[in-house]
Amino acid sequence: MKKVIFFDRDGTLIWEPDDNFQIDRLDKLRFLPKVISSLKKLADFSDFQFVIITNQDGLGTASFPEADFWPAQKLMLDIFASEGVSFSDIFIDRSFAEQKLTTRKPGTGLLTKYLSPEFDLVNSWVIGDRLTDVELAKNLGSKSIYMGSESCSEATFISNDWSQITNFILASGRVINYQRNTKETKINLSLNLDGQGQIQIKTGLSFFDHMLQQLAFHAGFDLVLNVAGDLEIDEHHTIEDTALALGEAISQALGSKRGINRYGFTLPMDDALVQVALDFSGRPWLVWQAEFKREKVGDMPTEMFPHFFKSFSDSAKCNLSIKIEGDNEHHKIEATFKALGKVIRQAVASSGQVGLPSTKGTL
């Protein structure tokens, strides 16, 4: 689904004049500090569509892009466009505030096209300097960033600094709440790829919990995972479906994968040496080179180890190559989960480069 950032205009993108609150002359057009570079960063490293919605008509008209814009409006858009920032729509409500029309913020009347199922409003944003912008976000079911001076407890984030706002949005964009329910398992999962190591895991299998905690910690995730599986039969469904759910959640959190490293490359643990290589290529594949002498480690069957990583590879849509050496079976598998966490952390981190890390142009 498509995600959107709805921007208020005056006081959010450009300064709002104190005299008549209208940008009715070119010399009154002033951008807020760092707004152009910040929107450029959002355009380069995210998939959000940009939309302007304002109740002030001092720059333009209600129809875009066919209308003839006032000079200041056109200049503002031209400057943004010169830096690679474009807006898919501009909505300007020209009614008076006392009319309280549904087209006027916080009403959603102008945004009916964005109320369709193709748009992910839950993970979209409204950014503005008025309380009506926060209320608009609430009416849309979206998150809000408040840049105003009044007290506001309902905003998702409050800041007047565009660098802070951009960094907050980019980090928040990799948060997923995921459910997987079958006749065999019921899984609830909350994942933040850019977390602080806040981890709560309960699968019903103590050793499996320990391994997943190692993976999440070394990946830098925040992870809350609760699994209710048919353990009265055996461990298979719980382990397999957890791998599928975790992989799918990571895949969703990565989105288009723009700007990530994509690859991750080994981890020793006492006698064990584990080599894990990963590529979020969109093409699942597992290469597994390992042998275990015990039937179980803790309460986890060793035959489920390759099955876990194969299921994870399938749903995360990644190439995964694992080679395990050593004598202690506990050390070998724990080092493997730690190493997977480490390479995921490397692979999902920002590369600092714009666009997709692929010569194909798609992943």
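Trainee: What makes up the secondary structure of the protein chain?
Mentor: The chain has eight helices and 17 strands. Helices are DSSP runs of H or I with at least four residues, strands are runs of E with at least two, and both are numbered from the N terminus. This is a predicted model, in which local features need pLDDT of at least 70 and side-chain atom pairs count only at pLDDT 80 or more, while totals for chains, interfaces and linings use all residues. Residues are numbered from 1 along each chain as its sequence is written, and side-chain values use heavy atoms, leaving out hydrogens and water.

Trainee: What share of the residues is buried?
Mentor: Buried means under 20% relative accessible area, with a 1.4 Å probe and protein chains only. By that cut-off, 52% of the 363 residues are buried.

Trainee: Why are E7 and E9 said to stand at the edges?
Mentor: Four strands form an open sheet in the order E7-E8-E10-E9, with mixed pairing. Strand E7 (175–181) and strand E9 (199–202) each have a single partner strand, so one side of each is left without a neighbour in the sheet. The twist averages 5° from one strand to the next.

Trainee: What makes E9 and E10 a pair?
Mentor: Two strands pair if DSSP finds at least two bridges between them. E9 and strand E10 (residues 222–229) have four bridges and run parallel, so they meet the rule of at least two. Gln-200 has Val-224 in E10 as its bridge partner. E8 and E10 pair in the antiparallel sense over eight bridges, and Leu-191 stands opposite Leu-223 in E10.

Trainee: Which strands are the edges of the six-stranded sheet?
Mentor: That open sheet has the order E3-E2-E1-E4-E5-E6 with parallel pairing. Strand E3 (89–92) and strand E6 (157–158) are its edges, as each pairs on one side only. Within the sheet, four bridges join strand E1 (residues 4–7) to strand E2 (residues 49–54), and Phe-6 is partnered by Val-51 in E2.

Trainee: How do you know how H5 and H8 pack?
Mentor: Two packed helices are described by the angle between their axes and the distance between the axes. The axes are lines fitted to C-alpha atoms, for helices over the stretch in contact, and angles run from 0 to 180 degrees between N-to-C directions. H5 and helix H8 (residues 329–348) pack at about 30°, with axes 7 Å apart. Contact means heavy atoms within 4.5 Å; the residues making it include Phe-207 and Leu-215 of H5 and Phe-337 and Ile-344 of H8.

Trainee: Where does H5 lie on the sheet?
Mentor: Helix H5 (residues 206–219) lies across E9 and E10, running at about 155° to E9.

Terms used: Buried < 20%, exposed > 50% of the residue type's maximum accessible area, 1.4 Å probe, protein only.
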